[in-house]
Amino acid sequence: MIRANDIIDKVADYYPAADFDIIRKAYAYSAYAHRNQVRLSGEPYMIHPIEVANILAEMKMDVASIASGLLHDTLEDDPMTSLEDLSLRFGDEITALVEGLTKISKIKFKSSREHQAENYRKMILAMVKDIRVLVIKLADRVHNMRTLDFQKRERQEAIAQETLDIYAPLANRLGISWIKQELEDNSLRYLQPAMYREIEEKVTRKELESREFIDKTIKLVQRNLTHSSIKSQISGRLKHLYSIYRKMVRRDIAFEQIYDIVAFRILVGTKAECYNVLGIIHALWRPLPSRFKDFIGIPKANMYQSLHTTVIGPDGRHAEFQIRTFEMHQIAEMGIAAHWHYKEGYQLDDHDRKQMDWLRQMIEWQQDVDNPGEFLDSVKIDLFSEAVYVFTPTGEVKELPSGSTPIDMAYSIHSKVGDHCSGAKVNGKLVSLRYQLKNGEMVDIVTSNRQHPSKDWLGFVKTSKARSKIRQWVKKEEERRSIELGREFCEKAFSRSKLSFNQALKSGKVQAVAEGFSLKHAEALLAAIGRGKLTAQQLINRIFPELRKSKKGKDKAEEKKTIRKPARDGISIKDIDDVMVRFAKCCNPLPGDDVIGFITRGRGLTIHRRNCRHVDQANSERYMEVSWNLDRTTAHVVKIRVMCADVKGMLVAMSTAISSQEANIASASLKTTIDQKALCFFDVQIKDLEHLKRVKMALRGVKGVYQVTRMS
């Protein structure tokens with residue numbers, strides 16, 4: 001078992017002036033707090049915090065982090081340990097780190113999705129306060145994954161999935177590649193055990209087969225570099241298991257079809273030598289142009305720098321080369337931990353603070369998100385997407401998730417630029433707002449004061465900031481439009497009753513009615529009327545009860561309903577939510593039809609087919625753009641007219657044809673014509689336009705059917 005002196009010896013190698021007494025005290029305190037505990041393996045629980053501290057020492061972390069690694073479970077596991085006690089013994093800094101770690105592990109949630117969302121929200125908040133909390137948490141997760149064998153199968157899978165979804169990408173975001181790779185490989189081991197063993201066995205065999213190829217390649221490269229007076233360190237290896245697994249899944253290929261499984265790393269002294277080495281490699285073997293990446297010229301946000309190139313190497317085998325300086329390699333392996341500059345107070349310096357700006361931005365964006373699940377979706381977008389790097393006209397590099405559009409770029413510049421983004425020029429050419437940006441493109445955002453965010457943008461933007469800002473604007477616009485509609489409905493209803501709506505508004509009577517409906521203010525009442533939840537007549541009845549009509553039964557029933565549940569039935573309404581919807585009987589619109597909405601007086605929105613004859617007669621100012629939300633559709637009744645031969649069994653045959661397409665017949669009628677033909681009319685419950693086409697095709701396949709027509 002590792003002892004306190006073993007950890008102290010490691011710290012002394014890189015920080016001789018450290019306060020080793022703090023580590024000894026933390027070791028002793030943790031040992032006492034966990035004295036009666038054992039792990040599922042039967043070993044003393046103390047082994048876990050010691051291993052976590054040891055991992056942190058190997059990462060060359062500061063004394064406060066290592067002490068916190070030793071103490072990270074004491075608040076949760078030892079009832080005698082308190083924040084006051086820790087602060088008294090170890091100071092505020094270590095106590096704050098331990099408290100941050102404890103908060104992450106103590107959170108309880110109602111459902112698995114909410115659990116994850118709230119957990120990661122709190123974790124990221126903790127990271128922003130002190131990023132060391134995350135580094136310690138990653139070390140904790142590394143050791144837990146190393147000892148996962150003793151958990152039950154169900155628990156193993158849950159922990160492994162959480163590790164793969166959250167902790168491995170966070171390690172990657174911090175640039176700590178060895179933690180990322182170890183967490184990914186161990187997650188695969190428990191999530192896909194058979195696949196893990198198969199890849200592991202094949203990699204072991206491949207490594208033995210590739211040893212001669214690796215040695216031969218290293219000798220040839222070393223000889224050429226020495227000839228060019230470049231001092232270097234060269235190594236060759238097979239890629240880690242999870243990266244191979246991902247490539248197999250992403251490309252849908254077998255292990256044997258992966259040709260660039262061998263990766264070589266060349267470490268040199270200077271940046272200039274990196275490019276010299278690249279030239280030598282490309283002179284030796286033919287490079288694959290699509291596989292070259294310059295992360296030295298454009299570093300990743302996590303500080304990673306390296307040249308990547310894949311060549312057709314000796315014996316025609318593909319080989320990937322990573323070329324970097326020794327300093328770049330240290331950063332590539334340890335990320336933020338390699339840059340930890342601890343001056344007085346153990347604060348991050350300006351360089352490290354700049355590197356972690358993405359965390360602060362994420363917190364700013366999530367302030368506008370109420371739903372934990374929505375926040376998790378935003379976080380996953382930021383964590384899992386591959387990055388694309390584009391330039392502003394001034395030459396500034398912007399890092400965005402893969403698949404980002406000019407709108408994402410605009411919001412990354414400023415919220416107002418995003419709100420008024422009307423187009424973009426990419427490399428001098430105009431592109432659509434849906435255009436997906438590519439690496440190295442120069443993007444010039446075009447703005448217009450007449451342009452505003454659209455709900456449609458949510459269908460293709462990628463960044464969480466863009467989504468958050470668009471949702472904010474859409475909600476405000478929905479409210480504004482609902483209030484305007486409600487005001488218009490009220491003014492016309494009051495006018496018909498020879499009343500003044502403005503006088504009722506100024507007198508405070510509308511406000512009083514709003515409060516009677518449990519609404520905060522008059523505008524909220526107008527919005528409810530605009531959405532169709534309430535009617536203008538209800539408002540009149542409340543203010544002027546003496547004007548009620550004789551048939552009070554219906555009015556009284558309506559007045560008791562403060563809110564009516566809107567029926568959307570698969571309809572998405574541009575820039576407005578939560579409005580009452582009904583479907584026109586004249587044309588019976590069906591999911592998939594080109595449709596348009598018409599604002600009725602106090603009855604919400606009526607949906608017509610765009611080619612309906614009644615739409616042409618309608619007031620064009622009351623048109624509203626709508627579309628189908630095919631994820632939320634229900635069955636709609638469609639009338640179908642069939643002309644067929646008047647022979648025995650025809651009705652049964654047609655009914656069977658309709659039923660064969662999983663369509664329900666609501667009603668059917670038949671009449672004969674003088675020329676021994678029959679006209680059949682079916683009311684059929686249809687899901688969408690494609691479903692209707694299948695039903696019509698099945699009817700046309702019945703012998704004796706001459707014509708099948710959808711009726712309006």
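Predicted model: local features only at pLDDT ≥ 70, side-chain atom pairs only at ≥ 80, totals over all residues.
User: How many helices and strands does the protein chain have, and what makes a run count as one?

Analyst: The protein chain has 28 helices and 21 strands. Both are DSSP runs numbered from the N terminus: a helix is H or I over at least four residues, and a strand is E over at least two.

User: What makes H3 mostly covered?

Analyst: Of its 12 residues, 10 are buried, where buried means under 20% relative accessible area, exposed means over 50%, and partly exposed lies in between (1.4 Å probe, protein chains only). Among the buried ones are Ile50, Ala53, Asn54 and Ala57. The buried residues of H3 pack against helices H1 (4–14), H2 (20–33), H4 (63–71), H8 (132–146) and H10 (177–191). For the protein chain, 50% of the 712 residues count as buried.

User: Which residues does isoleucine 7 touch, and what counts as a contact?

Analyst: A contact means heavy atoms within 4.5 Å. Leaving aside neighbours within four places in sequence, isoleucine 7 is in contact with Ile2, Ile23, Ile50, Ala53, Asn54, Ala57 and Ile66.

User: What makes a group of residues a nonpolar core, and which residues have the most contacts inside the largest one?

Analyst: A nonpolar core is a set of buried Ala, Val, Leu, Ile, Met, Phe, Trp, Tyr and Cys residues joined through side-chain atoms within 4.5 Å. The largest has 58 residues, and those with the most contacts inside it are Ile7, Ile23, Met59, Leu138 and Ile179. Two or more residues each come from H1, H2, H3, H4, H6 (83–106), H8, H9 and H10. H8 gives the largest share, eight residues. A second, separate core of 39 residues includes Phe213, Leu241, Tyr245 and Phe321.

User: Why is the pair of arginine 189 and aspartate 149 called a salt bridge?

Analyst: The term asks for a side-chain nitrogen of Lys or Arg within 4 Å of a carboxyl oxygen of Asp or Glu. Arginine 189 and aspartate 149 meet at 3.1 Å, N to O, so the pair qualifies. The two residues are 40 apart, with arginine 189 in helix H10 and aspartate 149 in the loop between H8 and helix H9 (153–173). A search of the whole structure finds 21 salt bridges. Asp62, Glu93 and Arg132 are linked in a network of them.

User: Are the residues of the arginine 480 and glutamate 477 pair buried or partly exposed, and what places them about one helical turn apart?

Analyst: Glutamate 477, at 12% relative accessibility, counts as buried, whereas arginine 480, at 37%, is partly exposed. The two are three residues apart in helix H20 (residues 464–496), and therefore about one helical turn apart. An α-helix has 3.6 residues a turn, so residues three or four places apart point the same way.

User: Why is threonine 463 called buried, and which side chain does its own meet in a polar contact?

Analyst: Threonine 463 has a relative accessible area of 7%, so it is buried. Its place is in the loop between strand S11 (443–447) and H20. A polar contact of 2.9 Å joins the side chains of threonine 463 and aspartate 408. That term means a pair of N or O atoms within 3.5 Å; within protein, one must be able to donate a hydrogen and the other to accept it, and residues adjacent in sequence count only if both atoms are side-chain atoms.

Note on methods:
Residues numbered from 1 in each chain as written. Heavy atoms only, no water.
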